[in-house]
Amino acid sequence: MSLINTPVQPFKTTAFHNGKFIEVSDATLKGKWSVLIFMPAAFTFNCPTEIEDAAENYAEFQKTGTEVYIVTTDTHFSHKVWHETSPAVGKAKFPLVGDPTHALSKAFDVLIPEEGLALRGTFVINPEGVIKTAEVHSNEIARDVKETLRKLKAAQYTAAHPGQVCPAKWNEGAKTLTPSLDLVGKI
């Protein structure tokens with residue numbers, strides 16, 4: 001079954017954020033847009049490049065009223081040390097969420113049970129705690145957070161403009177479509 005348009009399952013875990021340990025839960029996600037970015041583990045190779053990409057685009061996420069959460073199957077203690085020792089990860093101003101019990105990775109269907117690691121999964125969640133986009137792929141392929149921003153903005157646009165859809169390659173400010181019988185066979 002797809003996770004799209006389903007509520008985030010209840011969870012509670014700990015994250016390292018701006019020099020402190022904080023609690024993150026399904027309730028934390030409610031009230032604003034959230035992006036959860038799952039990664040296999042701390043101290044790996046592709047993961048720091050993705051965190052750095054998210055950090056370099058964090059201001060754009062903040063402009064949209066969105067919080068970013070990086071999730072790995074490690075502990076929040078590992079994330080503290082990773083943040084302190086990796087120049088790329090050290091740029092992160094968003095929570096680095098620990099999932100040592102794998103509960104969150106299981107709930108989002110990204111856990112590789114035989115490895116105890118998560119696949120690269122990206123999820124956009126609306127302020128009601130409902131999953132609006134999901135992308136999951138193999139761990140050797142790093143992501144481009146600009147595509148996540150594009151999908152986030154499309155989800156925000158369609159939430160604010162019911163009855164509108166964002167066509168392929170839609171970007172903020174571009175024309176949208178209003179589905180109707182008149183469009184059938186004309187696009």
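The largest cavity is lined by Ile-37, Met-39, Glu-50, Asp-53, Ala-54, Thr-122, Arg-143, Asp-144, Val-145 and Thr-148. The model is predicted, with local features requiring pLDDT of at least 70 and side-chain atom pairs counted only at pLDDT 80 or more, while totals for chains, interfaces and linings use all residues. Residues are numbered from 1 along each chain as its sequence is written, and side-chain values use heavy atoms, without hydrogens and water.

A cavity is a set of points, on a 1 Å grid over the protein atoms alone, where a 1.4 Å probe fits but cannot get out; lining residues have an atom within 4 Å of a point. Points are joined across faces, edges and corners, and a volume is the space filled by probe spheres set on them. The count is 2 cavities of 30 Å³ or more.

| Cavity | Volume |
|---|---|
| Largest cavity | about 70 Å³ |
| Second largest cavity | about 40 Å³ |

In the largest cavity, α2 (46–56) and α6 (145–160) each supply at least two lining residues (helices are DSSP runs of H or I with at least four residues, strands runs of E with at least two, numbered from the N terminus). The greatest contribution comes from α2, with 3 residues. This lining comprises 4 nonpolar, 2 polar and 4 charged residues (nonpolar: Ala, Val, Leu, Ile, Met, Phe, Trp, Tyr, Cys and Pro; charged: Asp, Glu, Lys and Arg; polar: the others, Gly among them).

Around the second largest cavity lie Thr-122, Val-124, Thr-133, Ala-134, Glu-135, Glu-147, Thr-148 and Lys-151 as lining residues. By class, 2 are nonpolar, 3 polar and 3 charged.

How values were computed:
On a 1 Å grid over the protein atoms alone, a cavity is a set of points where a 1.4 Å probe fits but cannot get out, and a pocket is an open set with protein on both sides within 12 Å along at least five of seven lines; lining residues have an atom within 4 Å of a point.
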